[in-house]
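Reader: I've got a chain open on my screen and I'd like to learn how to read it feature by feature. Could you walk me through it?

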Amino acid sequence: MNVKGQDADHRERAPAAMTAEVTHTTSLETLLAAPCPDFPVLPGVCVLEYLRASAEATQPAPGLRWHAVDRVRFLGAVFPGEELTVRLTWQRSDEGQWTGLATASTVRGTAASARLRYVGEADR
């Protein structure tokens, strides 16, 4: 996983909105490929997991935890071994709450988009 656009000092003094980008090389476990051996695609839940992992690698403030997926749209297939680039724009939505607007893309275009909500320690 390659993370661009942020460092530790920047996280502590995060502005109201910030953007980060993470690139993954996708994989497909043998078990997941079994239902479609002639046309293996990454299931949507795996793409969502890449979005979540990217969000947690680029959190704009310390101590945030995943609270909800407010919206997710799957727009294209992701194949095993492809590079999946996740672009996140973080927005402070309330005191201690952040919303990550995430888009996952391959060389063919946008594969998925989601709105992920994170809350701070006090909001647990």
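Reader: What share of the contacts in the chain with a separation of 6 or more comes from residues 24 or more positions apart?

Author: A contact means heavy atoms within 4.5 Å. Here, residues 24 or more positions apart account for 66% of the contacts with a separation of 6 or more. Keep in mind that this is a predicted model, where local features need pLDDT of at least 70, side-chain atom pairs count only at pLDDT 80 or more, and totals for chains, interfaces and linings use all residues. Residues are numbered from 1 along each chain as its sequence is written, and side-chain values use heavy atoms, with hydrogens and water left out.

Reader: What pattern does the chain follow along the sequence?

Author: Helices (H or I, at least four residues) and strands (E, at least two) are DSSP runs, numbered from the N terminus. This chain has 3 helices and 6 strands, and the pattern along the sequence reads β-α-β-α-α-β-β-β-β.

Reader: Which strands pair with strand 4?

Author: Two strands pair if DSSP finds at least two bridges between them. Strand 4 pairs with strand 2 (residues 17–25) in the antiparallel sense over 9 bridges, with Ala17 opposite Gln91. Strand 4 is also joined to strand 5 by 9 bridges, again antiparallel; there, Thr89 stands opposite Leu101. The hairpin of strand 4 and strand 5 has 2 residues between the strands, and Gly96 takes a positive phi near 80° in it.

Reader: And how many bridges join strand 6 to strand 5 and to strand 3?

Author: Strand 5 and strand 6 pair antiparallel over 10 bridges, forming a hairpin with 2 residues between them. Strand 3 and strand 6 run antiparallel too, joined by 8 bridges, and Arg73 has Ser113 as its bridge partner in strand 6.

Reader: Let's zoom in. Is Thr106 buried or exposed?

Author: Buried means under 20% relative accessible area, exposed over 50%, partly exposed in between (1.4 Å probe, protein chains only). Thr106 has 11% relative accessibility, so it counts as buried. Thr106 sits in strand 5, opposite Gly109 in strand 6. Leaving out residues up to four places away in sequence, Thr106 touches Ala77, Val78, Glu82, Glu83 and Leu84. Over the whole chain of 124 residues, 35% count as buried.

Reader: What does Thr110 touch, beyond residues up to four places away in sequence?

Author: Its contacts are Leu75, Gly76, Thr103, Ala104 and Ser105. Thr110 belongs to strand 6 and is partly exposed, with a relative accessible area of 39%.

Reader: Which residues touch the most other members of the largest nonpolar core?

Author: The general idea is that in soluble globular proteins, nonpolar side chains tend to be buried together. A nonpolar core is a set of buried Ala, Val, Leu, Ile, Met, Phe, Trp, Tyr and Cys residues joined through side-chain atoms within 4.5 Å. In this model the largest one has 23 residues, and Leu51, Trp90, Ala104 and Leu116 touch the most other members. The elements giving two or more residues to this core are helix 3 (44–57), strand 4 (83–94), strand 5 (97–106) and strand 6 (109–119). Helix 3 supplies the largest share, 6 residues.

Reader: How many salt bridges does the structure hold?

Author: A salt bridge is a side-chain nitrogen of Lys or Arg within 4 Å of a carboxyl oxygen of Asp or Glu. The structure holds 5. One of them joins the side chains of Glu49 and Arg52 at 2.3 Å, N to O. Those two are 3 residues apart in helix 3, so about one helical turn separates them. Glu49 is partly exposed at 38% relative accessibility, whereas Arg52 is buried at 17%.

Reader: Where in the chain do Arg117 and Asp70 lie?

Author: Arg117 forms a salt bridge with Asp70, the closest N and O atoms being 2.6 Å apart. The pair links distant parts of the chain, with Arg117 in strand 6 and Asp70 in strand 3, 47 residues apart. Arg117 is partly exposed at 23% relative accessibility, and Asp70 is partly exposed at 37%.
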